[in-house]
Amino acid sequence: MKIRIGNEVLTEHIRARIRLDFRGEGKSGRFIFGGKTQEEIAEQVREQEVALLRNVPMQGIFLEDIDVSLDLYTVTESDGRRKREVAYAPVILTLRLENLDDLLPFTIKPEFRKIEFLSPENLQIHRLDVERLFFRVSQSIQEEVKKAELRFQ
């Protein structure tokens, strides 16, 4: 990303903080043994996703920090027919990116909750960067639609 300061044009990475909340629903136990609670499942999902983030490299993205210190929380959700308790395990990722479109894999996830840009203070985006961003958004939406179609066939 190019940043203009006065007459100088500098190349700086974008730093952002993203919050993802991983969902956990309780499962009923089979036979005599009890199932896991929604809190245990949410914690387990969070651990699995954090392990993936730490061990799988992502092009254009440098993972600066993973904060898993936030407490789990429980929400009562209704699907129209019944109410159920669902637990969420939040994670805050601090990322350094080369381009804005590198954020898309995180922002299209259902776990995405919040984004905060840490630096630079001001962005001047070139026309080609905006075109690339919209192209990647379009591709991501089309992929999600295809996945949904396959699920419901």
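Predicted model: local features only at pLDDT ≥ 70, side-chain atom pairs only at ≥ 80, totals over all residues.

Residues are numbered from 1 along each chain as its sequence is written, and side-chain values use heavy atoms, with hydrogens and water left out.

A salt bridge here is a side-chain nitrogen of Lys or Arg within 4 Å of a carboxyl oxygen of Asp or Glu. By this rule there are 13 salt bridges.

Let me begin with Asp21, which pairs with Arg19 at 2.8 Å between the closest N and O atoms. Asp21 is buried, at 2% relative accessible area, whereas Arg19 is partly exposed at 25%. Buried means under 20% relative accessible area, exposed over 50%, and partly exposed in between, with a 1.4 Å probe and protein chains only.

Next, Arg46 and Glu43 form a salt bridge of 2.6 Å, N to O. Both belong to helix α1 (residues 38–55), three residues apart, so about one helical turn separates them. Helices are DSSP runs of H or I with at least four residues, strands are runs of E with at least two, and both are numbered from the N terminus. Arg46 is buried at 4%; Glu43 is partly exposed at 25%.

In helix α3 (residues 127–151), Lys147 and Glu144 are likewise three residues apart, and their closest N and O atoms lie 3.6 Å apart in a salt bridge.

Finally, a network of salt bridges links Asp101, Asp129, Arg132 and Arg136.
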